[in-house]
Amino acid sequence: MTTKDRAYLKGLAQKIDPILSLGKSSLTPEFVDAAAEALKARELIKINVLKNCVDDPGTLAITLGERTRSEVVQVIGRKIVLYKRNMENPKILFPGEKVKKSATNNSDRKPNKKSVKKQSGKSDKK
């Protein structure tokens with residue numbers, strides 16, 4: 001991930017609310033599974049580390065990133081932002097990245113101006 005990609009994700013992360021909270025029990029297998037599911041569905045998630053969690057948010061972020069095979073975008077205070085690209089159906093497109101066109105679904109396309117024949121200015125009104 002380049003620094004430009006990371007900066008773009010940080011900008012997106014500012015607008016989202018935390019969807020998971022790490023508490024006293026810290027990183028459990030159930031929490032890792034929940035984070036992995038959320039990453040698959042959303043690609044970018046924010047996690048809140050509660051005050052009763054005794055572990056350091058930075059080390060938790062690194063461990064959680066390794067276990068979910070995601071990238072740590074940032075850790076600010078007690079907030080962790082993780083990103084994992086969904087290869088089948090990416091939801092987040094980085095600046096300069098093109099959308100892959102599917103060859104089977106061309107019904108959404110507008111006709112080209114060149115392919116549309118110009119109609120004469122005469123009308124059928126009398």
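**Strand pairing and overall plan**

Strands β1 and β2 pair in the parallel sense, over 3 bridges. Within this pairing, L22 stands opposite V49 in β2. The model described here is predicted. The protein has 3 helices and 4 strands, and along the sequence these follow the pattern α-β-α-β-α-β-β.

**The sheet**

- The 4 strands form an open sheet in the order β1-β2-β4-β3, and the pairing is mixed.
- At the edges stand β1 and β3 (71–76), each of which pairs on one side only.
- From one strand to the next, the twist averages 25°.
- Strands of a sheet pair through backbone hydrogen bonds, and this pairing may be parallel or antiparallel.

**Strand β2**

- Of the 6 residues of β2, 6 are buried, so this strand is largely enclosed by the rest of the structure.
- In a regular strand, the side chains alternate between the two faces of the sheet.
- Both faces of β2 are covered: the buried residues are L44, K46 and N48 on one side, and I45, I47 and V49 on the other.

**Helices against the sheet**

- Helix α1 (residues 3–13) lies across β2, β3 and β4, and runs at about 55° to β3.
- Helix α2 lies across β1, β2 and β4, and runs at about 150° to β2.

**Helix α2 in detail**

- Helix α2 spans residues 29–42, which makes 14 residues. From its first C-alpha to its last it reaches 20 Å, close to the 20 Å expected at 1.5 Å a residue.
- The buried residues of α2 are F31, V32, A35, A38 and L39. They lie on the same side of α2 because they cover an arc of only 125° around the axis.
- An α-helix has 3.6 residues a turn, so residues three or four places apart point the same way.
- The exposed residues P29, E30, E37 and K40 are carried on the face of α2 turned away from its buried side.
- Among the elements that cover the buried residues of α2 are β1 (20–22), β2 (44–49), α3 (57–68) and β4 (79–83).
- After α2 comes E43, whose phi is positive, near 75°.

**Nonpolar cores**

- The largest nonpolar core has 17 residues, and those with the most contacts inside it are I45, I47 and L64.
- Two or more residues of this core come from each of β1, α2, β2, α3 and β4. Helix α2 gives the most to this core, with 5 residues.
- A second, separate core has 8 residues, including L9, L44, V81 and I92.
- Leaving aside its neighbours within four places in sequence, I45 is in contact with I16, I19, L20, A35, A38, L39, I80, V81 and L82. Among these partners, A35, A38 and L39 are also buried residues of α2.

**The protein as a whole**

- Buried residues make up 29% of the 126 residues in the protein.
- Among contacts between residues at least 6 apart in sequence, 66% join residues at least 24 apart.

How values were computed:
Residues are numbered from 1 along each chain as its sequence is written. This is a predicted model: local features need pLDDT of at least 70, side-chain atom pairs count only at pLDDT 80 or more; totals for chains, interfaces and linings use all residues. Side-chain values use heavy atoms; hydrogens and water are left out. The expected span of a helix is 1.5 Å times one less than its number of residues. Buried means under 20% relative accessible area, exposed over 50%, partly exposed in between (1.4 Å probe, protein chains only). The arc is that of the directions from the helix axis to the C-beta atoms. Contact means heavy atoms within 4.5 Å. Two strands pair if DSSP finds at least two bridges between them. Axes are lines fitted to C-alpha atoms, for helices over the stretch in contact, and angles run from 0 to 180 degrees between N-to-C directions. A nonpolar core is a set of buried Ala, Val, Leu, Ile, Met, Phe, Trp, Tyr and Cys residues joined through side-chain atoms within 4.5 Å.
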